[in-house]
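Here is a friendly walk through one protein model and its ligand. Have the structure open and follow along as we go.

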Amino acid sequence: MSKKAFGIDIGGSGIKGAPVDLSSGELAADRLRIPTPQPSTPEAVADTVAELIASFDIATDMPVGVTFPAVIKAGVAQTAANVDKSWIGTDVDALLTARTGHDVFVVNDADAAGIAEMKYGAGRRTSGVVQVITLGTGVGSATFVDGTLVPNTELGHLLLHGDSAERYMASSIKDEQDLDWETWAGRLQEYFSHLEFLFSPTRIIVGGGVSKKHKHFLPLLDLKTEIVPATLRNGAGIVGAAVLAHREEKALLKADEKAAKKAEEKERAKRGAAK
Ligand code: BGC
């Protein structure tokens, strides 16, 4: 199997994708961005995803990983905090696999960013509990224990002042309420102190678009835990989704091989008994 997979990041405003070279964790071609259709229903998004993949000259057996901002269980979206509610209950894997002709594997967006950071970025070779928190329209989280992902932790919805924390400290709230860095950092302090108290992580990695401006807010935080910016920034979702797709495809092939071997053994035993 080639060490390449295709990664797609589905966001509220844009759908971005590129093939990823998994030996380096780098994009193997320039990424393409297409505006997210409005309303962002499953059917409309599936068409855009198919259009995006078709713009690249890739083999049909290349697996595709797709990030989505929701709880994902066995390929099915369970929530829709910042996306069209019609996604709830949609089998995203099945929809996109049927529409694109590729094997598609969907993963929560923050989990994808976390997978990429753990493999190629700020989480490399870090054991213990590592938490990647993405600050964007919403707040996403990826939790790793000795490198293994605990999926769908949804820590952007921890309660803070009686509501989902993301409604108080997402970077979209900073923009909407025109908060200066100090005021916003005060809100982040409350959030990260709470997170630290609940999980005692070894390291916290802060991702999302705003993480490239980390110098304005990370030094203002006072925590016991080491807190560092993500190093892959915006490309993390694409890279993490591709890593996941490659892993899942490999597991499927292995399961197929095992099943074929078992069937062969059974057949041989049957033939032996008939002799
Ligand atoms: C969603 C998460 C997502 C995060 C970042 C939250 O509102 O519930 O699933 O990871 O936003 O997009």
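## Contacts to the ligand

A polar side-chain atom of Glu154 lies 2.6 Å from an oxygen atom of the ligand. Asp109 also brings a polar side-chain atom to 2.5 Å from a ligand oxygen, and for His157 the distance is 2.8 Å; a polar contact here is a pair of N or O atoms within 3.5 Å. Taken alone the ligand exposes 310 Å², of which the protein buries 93% (Shrake-Rupley areas with a 1.4 Å probe).

This is a predicted model, in which local features need pLDDT of at least 70 and side-chain atom pairs count only at pLDDT 80 or more, while totals for chains, interfaces and linings use all residues. Numbering starts from 1 along each chain as its sequence is written, and side-chain values use heavy atoms, with hydrogens and water left out.

## Around the ligand

Which residues surround the ligand? Among them are Pro69, Ala70, Ala81, Asn82, Asn108, Gly138, Val139, Gly140 and Glu166, along with Asp109, Glu154 and His157 (each has a heavy atom within 4 Å of the ligand).

## Strand E8

Asn108 also belongs to strand E8, where Val104, Val106 and Asn108 point one way and Phe105 and Val107 the other. Five of the five residues in E8 (104-108) are buried, meaning under 20% relative accessible area, with exposed being over 50% and partly exposed in between (1.4 Å probe, protein chains only). Strands are DSSP runs of at least two residues (E) and helices of at least four (H or I), numbered from the N terminus.

Strand E5 (residues 64-68) runs parallel to E8 and is joined to it by five bridges; strands pair if DSSP finds at least two bridges between them. Within this pairing, Gly65 stands opposite Phe105.

## Backbone worth a look

Most residues other than glycine have a negative phi, and most peptide bonds are trans. Glu154, however, has a positive phi near 50°.

Finally, a cis peptide bond joins Gln38 and Pro39, with omega about -5°; Pro39 is found in the loop between strand E4 (32-35) and helix H1 (42-54).

Terms used. A polar contact is a pair of N or O atoms within 3.5 Å; within protein, one must be able to donate a hydrogen and the other to accept it, and residues adjacent in sequence count only if both atoms are side-chain atoms.
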